Structure formats: structure tokens, C-alpha cells
Amino acid sequence: MAVQVTEKPPQGLTASAPTFATVGAASAVAVARALTRTGLILTNTSDNVISLGIGATAVANCGIVLYPGGVWNMNEHQFTIEAIHAIASAAGSNLAVQEWTRLAAV
């Protein structure tokens, strides 16, 4: 007997407008804390190394380290609503940001 499974897309989620953060040589908040966050993708679109600190000061070459072209995709095992801090190996480094949030009402 065959069983048919129909996957239903999650309800009440919306993608924010794609944006970016300019990351410098000192740790700073790249993505603000968000109580309604349900997902996040960060992409290093610069030629420099970017390191991330989740809810804490970022330290160069520690934690999550994104080399040029590197991507961090937050999933259910590493989910957080906390601010994402970033530091780069050179000032003016670009970090592309795509965030998903939960709608207030469905």
C-alpha cells in the first residue's frame, strides 16, 4: 500500500527585504536581536574574513568564521533571537543578510 505525504508550507512566515551589514575591524552588531526571527542566512560577499559572535562580542578567527563567499544558514539546531555580532579582517567588509520573521497574526 502506497502512502502519499503532502508537505504543507509553514504559515505565518515572511521574508524581510534582503539587506547587508558593513563589517569593520572591531566587533559590532551586524543583525539586531529579533523576537520574531524564525530564520537567518548570512553571506560574506567581501574579499575579507568575517567572524561572528552569537549574542556576544565577535572575536577574529573564532566562533563562526566566514571566508569570502562563505555562508551561515541558521537552522533549528542553532536557532537564536539574539543579536549577531561581526568582526572582519579589514574595514568595510560586506555581509549580505536575509532574515525570516513570524507574522503577528495568521
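**Briefing: an all-strand chain**

Asn61 lies in the loop between β5 and β6 (64-66); here strands are DSSP runs of E of at least two residues, and helices are runs of H or I of at least four, both numbered from the N terminus. The model is predicted, so local features are reported only at pLDDT of at least 70 and side-chain atom pairs only at pLDDT 80 or more, whereas totals for chains, interfaces and linings use all residues. Residues are numbered from 1 along each chain as its sequence is written, and side-chain values use heavy atoms, with hydrogens and water left out.

**The chain as a whole**

- The chain contains nine strands and zero helices, and its elements follow one another from the N terminus as β-β-β-β-β-β-β-β-β.
- Of the 106 residues in the chain, 33% are buried (buried means under 20% relative accessible area, exposed over 50%, and partly exposed in between, with a 1.4 Å probe and protein chains only).
- Among contacts with a separation of 6 or more, 81% join residues 24 or more positions apart (a contact means heavy atoms within 4.5 Å).
- The accessible surface of the chain is about 6,500 Å², and carbon and sulfur atoms hold 57% of this area (areas come from the Shrake-Rupley method with a 1.4 Å probe, and for residues only the protein chains shown count as cover).

**The four-stranded open sheet**

- Four strands form an open sheet in the order β3-β8-β5-β6, with antiparallel pairing (two strands pair if DSSP finds at least two bridges between them).
- The edges of this sheet are β3 and β6, and each has a single partner strand, so one side of each lacks a neighbour in the sheet.
- On average, neighbouring strands of the sheet are turned by 40 degrees against each other, direction ignored (axes are lines fitted to C-alpha atoms, for helices over the stretch in contact, and angles run from 0 to 180 degrees between N-to-C directions).
- Three bridges link β3 and β8 in the antiparallel sense; Val29 has His85 of β8 as its bridge partner, and Val31 stands opposite Ile84 in β8.
- β5 and β8 also run antiparallel and are joined by five bridges, with Gly53 opposite His85 in β8.
- Strand β8 is largely enclosed by the rest of the structure, because five of its five residues are buried.
- In a regular strand, side chains alternate between the two faces of the sheet.
- In β8, Ile84, Ala86 and Ala88 point one way, while His85 and Ile87 point the other way, and all are buried.

**Strand β9 and its partners**

- β1 (residues 13-15) runs antiparallel to β9 and is joined to it by three bridges; Thr14 stands opposite Thr101 in β9.
- β2 and β9 run antiparallel as well, joined by five bridges, and Val97 in β9 is the bridge partner of Thr19.
- Seven bridges connect β4 and β9 in the antiparallel sense, with Asn44 opposite Leu95 in β9.

**Gln98 within β9**

- Gln98 belongs to strand β9 (residues 93-102) and is buried, with a relative accessible area of 18%.
- The side chain of Gln98 reaches the backbone oxygen of Ser16 at 2.8 Å; this is a polar contact (a pair of N or O atoms within 3.5 Å; within protein, one must be able to donate a hydrogen and the other to accept it, and residues adjacent in sequence count only if both atoms are side-chain atoms).
- Apart from its neighbours within four places in sequence, Gln98 is in contact with Ala15, Ser16, Pro18, Gly39, Leu40 and Ile41.

**The largest nonpolar core**

- The largest nonpolar core has 16 residues, of which Leu40, Leu42, Leu52, Trp72 and Leu95 touch the most other members (such a core is a set of buried Ala, Val, Leu, Ile, Met, Phe, Trp, Tyr and Cys residues joined through side-chain atoms within 4.5 Å).
- Two or more residues of this core come from each of β2 (19-23), β3 (28-31), β4 (37-44), β5 (50-54), β8 (84-88) and β9.
- β8 supplies the largest share of the core, three residues.
- Not counting residues up to four places away in sequence, Trp72 touches Leu40, Ile41, Leu42, Leu52, Ile54, Ile64, Leu66, Gln78 and Ile84.

- Asn61 is not a glycine, yet it has a positive phi of about 60 degrees.
- Asn61 is exposed, with a relative accessible area of 54%.
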